[in-house]
Amino acid sequence: MATCYEKGTFEIVDLPEGVVKLPSMFQYKLKTGPKGETVKCKVRLCARGDLQFDSEYGETFAPTSLFSMIRLIVAIAVQAGLTLYQFDIKGAFLCAPIAREIYLKLPPGYSPPPGKTARLRK
């Protein structure tokens with residue numbers, strides 16, 4: 001939780017009147033080594049976006065690609081003598097600013113002072 005706060009993921013602010021707070025929860029994941037031993041414990045703070053009103057969803061878009069399109073791009077690159085690069089952007093949303101204000105109800109065990117709440121920043 002301290003890491004999220006230090007990275008500027010959220011800030012503790014006064015709760016505006018009439019604003020609905022989204023509940024949040026922790027997701028836990030254990031990374032195991034080749035022998036099955038626990039190597040790393042990871043925790044992620046997630047907003048329960050499934051509890052938003054239908055009008056709040058807006059447009060959602062998750063680009064995906066067909067395998068045939070990937071083969072076509074590779075074939076064109078080989079023919080043209082180009083170099084292809086691959087990179088992973090699965091964490092790109094962590095740095096993206098949010099277009100509207102979203103307020104979180106922190107999970108049990110973490111409570112801001114009375115009248116305060118967490119506002120997501122990115």
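Predicted model: local features only at pLDDT ≥ 70, side-chain atom pairs only at ≥ 80, totals over all residues.
Colleague: What is the relative accessible area of Val74?

Modeller: Residues are numbered from 1 along each chain as its sequence is written, and side-chain values use heavy atoms, with hydrogens and water left out. Val74 lies in helix 2; helices (H or I, at least four residues) and strands (E, at least two) are DSSP runs, numbered from the N terminus. With buried meaning under 20% relative accessible area, exposed over 50% and partly exposed in between (1.4 Å probe, protein chains only), Val74 is partly exposed, its value being 37%.

Colleague: Which nonpolar patch includes Val74, and what is its accessible area?

Modeller: A patch gathers residues with over 30% relative accessible area and no salt bridge, joining like charges within 9 Å and nonpolar side chains (Val, Leu, Ile, Met, Phe, Trp, Tyr) within 5 Å. Areas come from the Shrake-Rupley method with a 1.4 Å probe, and for residues only the protein chains shown count as cover. Here the surface patch is made up of Phe67, Ile70, Ile73, Val74, Val78 and Leu84, which together have about 590 Å².

Colleague: Which element has the highest mean pLDDT?

Modeller: Over the protein chain the mean is 79, and 78% of the residues reach 70 or more. The elements run α-β-β-β-α-β-β from the N terminus on. Among them, helix 1 (residues 2–6) has the lowest mean, 72, while the highest, 93, belongs to helix 2 (residues 67–80).

Colleague: Which element gives the positive patch its largest share?

Modeller: Lys and Arg count as positive and Asp and Glu as negative, with His and the chain ends not counted; a charge is placed at NZ of Lys, CZ of Arg, CG of Asp or CD of Glu. The patch is formed by Lys29, Lys31, Lys40, Lys42 and Arg44, with at least two residues each from strand 2 (22–32) and strand 3 (38–47). Lys42, for one, sits in strand 3 and is partly exposed at 40%. The largest share, three residues, comes from strand 3.

Colleague: How many residues apart in sequence are the parts that Arg119 and Glu11 tie together?

Modeller: Side chains of opposite charge can pair when their charged atoms come close. A salt bridge is a side-chain nitrogen of Lys or Arg within 4 Å of a carboxyl oxygen of Asp or Glu, and Arg119 and Glu11 form one, with their closest N and O atoms 2.0 Å apart. Arg119 lies in strand 5 (residues 116–120) and Glu11 in strand 1 (residues 10–14), so the parts tied together are apart in sequence by 108 residues.

Colleague: Which residue makes a salt bridge with Asp14?

Modeller: By the salt-bridge rule the count comes to two. The N to O distance is 3.0 Å, and the partner of Asp14 is Lys116.

Colleague: What is the relative accessibility of Thr117?

Modeller: Thr117 is found in strand 5, and its C-alpha atom is 7.8 Å from that of Leu106, 11 residues away along the chain. Buried residues make up 14% of the 122 in the protein chain. Thr117 counts as buried, with a relative accessibility of 1%.

Terms used
pLDDT = per-residue confidence, 0-100.
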